[in-house]
Amino acid sequence: MRTTFFDDHDKNITGVAYKNIHIKKTIILYFADKGNTTITELCKELNLSVPKVTTLVLDLIADGLVKDFGKTGSTGGRRPNIYGLAPDSVFFLGVDVKYNHINIGLTDLRKKLIRISKGVPYDLQNSEASLKELCRLILNFIKETGVPKEKILGIGLNMSGRINYLTGYSYNFFHFNEEPLNKVIENELGLKTYLENDSRAMAYGEFNSGAVEDEKNVLFLNLDYGLGMGMMINKEIYYGKSGFSGELGHIPLFNNELICRCGKKGCLETEASGMAMVRMFKESISNGSSSSLKKGPNDEIQMEEIIDAANNDDVLCIELMEKIGYNLGRGIALLINIFNPELIILGGALATTGEYLHLPIKSALNKLSLSLANNDTQIRISSLGEDAGVIGACLLARKRLLEDTL
Ligand SMILES: [Zn+2]
């Protein structure tokens, strides 16, 4: 695997070398966030000496990360050179693993999405073969982009369920080895890999490049087959003690006899999720309702088909969406009463139905949450939509490699 100064967390680097790595990362982040500049400006910003910064910038040029763009256009006196990021120097790869497909993309140092492949068919099973297939699809994507593998600094990989991003273990999927999953994938792909819970990665993507303006306390709801939540508290991802926070779907809010996939009864997910919607659709058809989808009571149906039908004005599917939305509103009322957040973002596949989901949620909130807390909370539909996961995964890989403390 390629090792660069980006990947130094496990090594015993100390003293001056350690400091220099940190400064180099700061210089790269400066160029990425604020654009090109001169050595003098950089010294002022970073509060460092000219010889020090010059040496490190020359190192970065030798690494192919920074470029000397020549003299500035100013007149009079000696004109200094300006420096900035070398275009297409390095990239970050993001993979968002869903139940029946993956989305995969690449961003550059400036957080720009260079390429994305959505809806790549993939059958997520908890098996070695399924993991192998995932790795094959990732390598395939890299090949298709034409970007040399050594230019990809790291991979952010989103999975649903319990993930400990610090140890690299995934507990709901691919937990076959003593070794953490991120190491298993790294060995297979030859690229540094960071795991993250899918809803948290989506929240991070949305927070950095999506529907968040200047709000600091934001809850992102991932409304898919299951229900997940990513929390940004004071602009930081909130993990909880072991990284398992945000299990919105398994709050026991309903007094029903439906067994949830977690093994318990009455979870919010049993009445307010894509899975619940599929069940309700089948029940309605069995009870004689009709739909433009023309399915019989025993036919297989995917959540995506119901969502598409709702977006195409199918009455039954819109009614189901309203029911799901109202039930979801019960869960959101609870969140508002506890967190008093500035913003709640509705994301994930169900949120693509827009107002069909948003209006019943609003109506439930008016009835069920405390009006003072409710008045302060805005509800917004995700602006990144299906891209939130991939963008979040890329940005998290970038964050782990560039921003997190060594
Ligand atoms: Zn549950």
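Me: What are the domains of this chain, and where do their bounds come from?
Reply: Domain bounds come from an automatic or database domain assignment. For this chain the assignment gives domain 1 (2-85), domain 2 (91-203 + 389-403) and domain 3 (214-382). Taken over C-alpha atoms, the centres of domain 1 and domain 3 are separated by 46 Å. A word on the source: this is a predicted model, where local features need pLDDT of at least 70, side-chain atom pairs count only at pLDDT 80 or more, and totals for chains, interfaces and linings use all residues. Residues are numbered from 1 along each chain as its sequence is written, and side-chain values use heavy atoms, with hydrogens and water left out.

Me: What makes the site of the zinc ion tetrahedral?
Reply: Four donors count as tetrahedral if all angles lie between 85 and 135 degrees. Here the angles among the four donor atoms are 103 to 125 degrees, and the site is tetrahedral.

Me: Which atoms are the protein donors of the zinc ion?
Reply: Donors are N, O and S atoms within 2.8 Å of the metal (3.2 Å for Na, K and Ca), and since water is not among the atoms, sites may look incomplete. H250 (ND1), C260 (SG), C262 (SG) and C267 (SG) lie 2.0 to 2.3 Å from the zinc ion. Along the chain they follow the spacing H-x9-C-x1-C-x4-C. H250 and C260 are 10 residues apart, both in the loop between β13 (236-237) and α7 (274-286).

Me: How do you know that β1 and β3 pair, and in which sense?
Reply: Strands (E, at least two residues) and helices (H or I, at least four) are DSSP runs, numbered from the N terminus. Two strands pair if DSSP finds at least two bridges between them. Strand β1 (residues 37-38) and strand β3 (residues 81-85) have two bridges and pair in the antiparallel sense. Y83 in β3 is the bridge partner of T37, and also of D68.

Me: What makes β1 and β2 the edge strands?
Reply: The open sheet of three strands has the order β1-β3-β2. β1 and β2 each pair on one side only.

Me: What lies between β5 and β6 in their hairpin?
Reply: Four residues do, and K111 in the turn has a positive phi of about 75 degrees. Strand β5 (residues 101-108) and strand β6 (residues 113-121) pair antiparallel over six bridges, with T107 opposite L113.

Me: Why does the largest pocket lie between two domains?
Reply: Domain 2 and domain 3 both give residues to its lining, so the largest pocket lies between them. On a 1 Å grid over the protein atoms alone, a pocket is an open set of points where a 1.4 Å probe fits, with protein on both sides within 12 Å along at least five of seven lines; lining residues have an atom within 4 Å of a point.
The volume of the largest pocket is about 380 Å³. Among its 25 lining residues, Y99, S160, G161, D198 and R261 are the closest to the centre. β12 (227-233) supplies the largest share of the lining, three residues.

Key. Grid points are joined across faces, edges and corners, and a volume is the space filled by probe spheres set on the points. Four donors count as tetrahedral if all angles lie between 85 and 135 degrees; four count as square planar and six as octahedral if opposite donors are over 155 degrees apart and all others between 65 and 115; anything else is irregular.
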